[in-house]
Amino acid sequence: MSKVRLMVVDDSPFASKQIQDTVEGNGYEVVAYAKNGEEAVEMYDEVHPDIVIMDIIMPGIDGLETAQILRKKDAHAKILMLSSLCDGGTLEEVRKIGLKYLIPKPWEDDVLLATLELVQK
């Protein structure tokens, strides 16, 4: 069975490593890392990940704007947002883009894995 291919977009190398440690061995493979939105947009077409896990607060274009750009390129892009800002306003912004999932940072590993299952459906 082939693994679900992930692209992690986060300016924190620690967070990226933590995500990799959580998902690998659970049916996922991290195929690309981007440290900001610009890199994510450039890499997306090359990598074609099954799911993008993306932080909201990053230098340059933030995760919300990056998600909008990726959804314009690929209307079926599956994106899971992460943020230390998980208030109602942030969730509303995530939903306006057409995304359903926002996980608070720091996350629980089982919540991340369960949400990745939901994103695939």
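**First stop: a pair of strands**

Select R5 and then E29 in β2, and you will find that the two stand opposite each other. The model you are looking at is a predicted one. Now widen the selection to the strands β1 and β2, which run parallel and are joined by 6 bridges. To get from β1 to β2 the chain passes through α1, and this β-α-β crossover is right-handed.

**Along the helix α1**

Colour the buried residues of α1, which are A15, S16, I19, T22 and V23. Turn the view until you look down the helix axis: these residues cover an arc of only 130° around it, which means that they lie on the same side of α1. If you then ask the viewer what covers the buried residues of α1, the elements to show include β1, β2, β3, β4 and α5. Before leaving, go to G25, which follows α1 and has a positive phi, near 95°.

Select D10 next, in the loop between β1 and α1. Is D10 buried or exposed? Its relative accessible area is 3%, so D10 counts as buried. Show its side chain and follow it in two directions: it reaches the backbone nitrogen of S12 at 2.8 Å, and it makes a polar contact with the side chain of K105 at 2.7 Å. Leaving out residues up to four places away in sequence, D10 touches A15, S16, A34, K35, D55, M58 and K105.

**A34 in β2**

One of the residues touched by D10 is A34, which is found in strand β2. A34 is buried, with a relative accessible area of 2%. Not counting residues up to four places away in sequence, the residues that A34 touches are V8, V9, D10, E39, A40 and M43. For a sense of scale, draw a line from the C-alpha of A34 to that of T66: the two are 11 Å apart in space and 32 residues apart in sequence.

**The strand β3**

Now select β3, where 5 of the 5 residues are buried, so the strand is largely enclosed by the rest of the structure. Show the side chains and you will see that I51, I53 and D55 point one way, while V52 and M54 point the other way.

Which residues have the most contacts inside the largest nonpolar core? Select V9, V52, M54, I79 and M81 to see them, within a core that has 22 residues. At least two residues of this core come from each of β1, β2, α2, β3, α3 and β4, and α2 gives the most, with 4 residues. A second, separate core has 17 residues, and among them are V8, A15, L112 and L116. Return to M81 and show its surroundings: beyond its neighbours within four places in sequence, its contacts include M54, I56, L64, V94, Y101 and I103.

**Last stop: two backbone details**

Select K105 and P106 together, and look at the peptide bond between them, which is cis with omega near -10°. P106 sits in the loop between β5 and α5. Then move to H48, in the loop between α2 and β3, where phi is near 45°, a positive value in a residue other than glycine. H48 is partly exposed, with a relative accessible area of 48%.

How values were computed. Residues are numbered from 1 along each chain as its sequence is written. This is a predicted model: local features need pLDDT of at least 70, side-chain atom pairs count only at pLDDT 80 or more; totals for chains, interfaces and linings use all residues. Side-chain values use heavy atoms; hydrogens and water are left out. Buried means under 20% relative accessible area, exposed over 50%, partly exposed in between (1.4 Å probe, protein chains only). A polar contact is a pair of N or O atoms within 3.5 Å; within protein, one must be able to donate a hydrogen and the other to accept it, and residues adjacent in sequence count only if both atoms are side-chain atoms. Contact means heavy atoms within 4.5 Å. The arc is that of the directions from the helix axis to the C-beta atoms. Two strands pair if DSSP finds at least two bridges between them. A crossover is right-handed if, with the strands pointing away from the viewer, the path from the first strand over the helix to the second runs clockwise. A nonpolar core is a set of buried Ala, Val, Leu, Ile, Met, Phe, Trp, Tyr and Cys residues joined through side-chain atoms within 4.5 Å.
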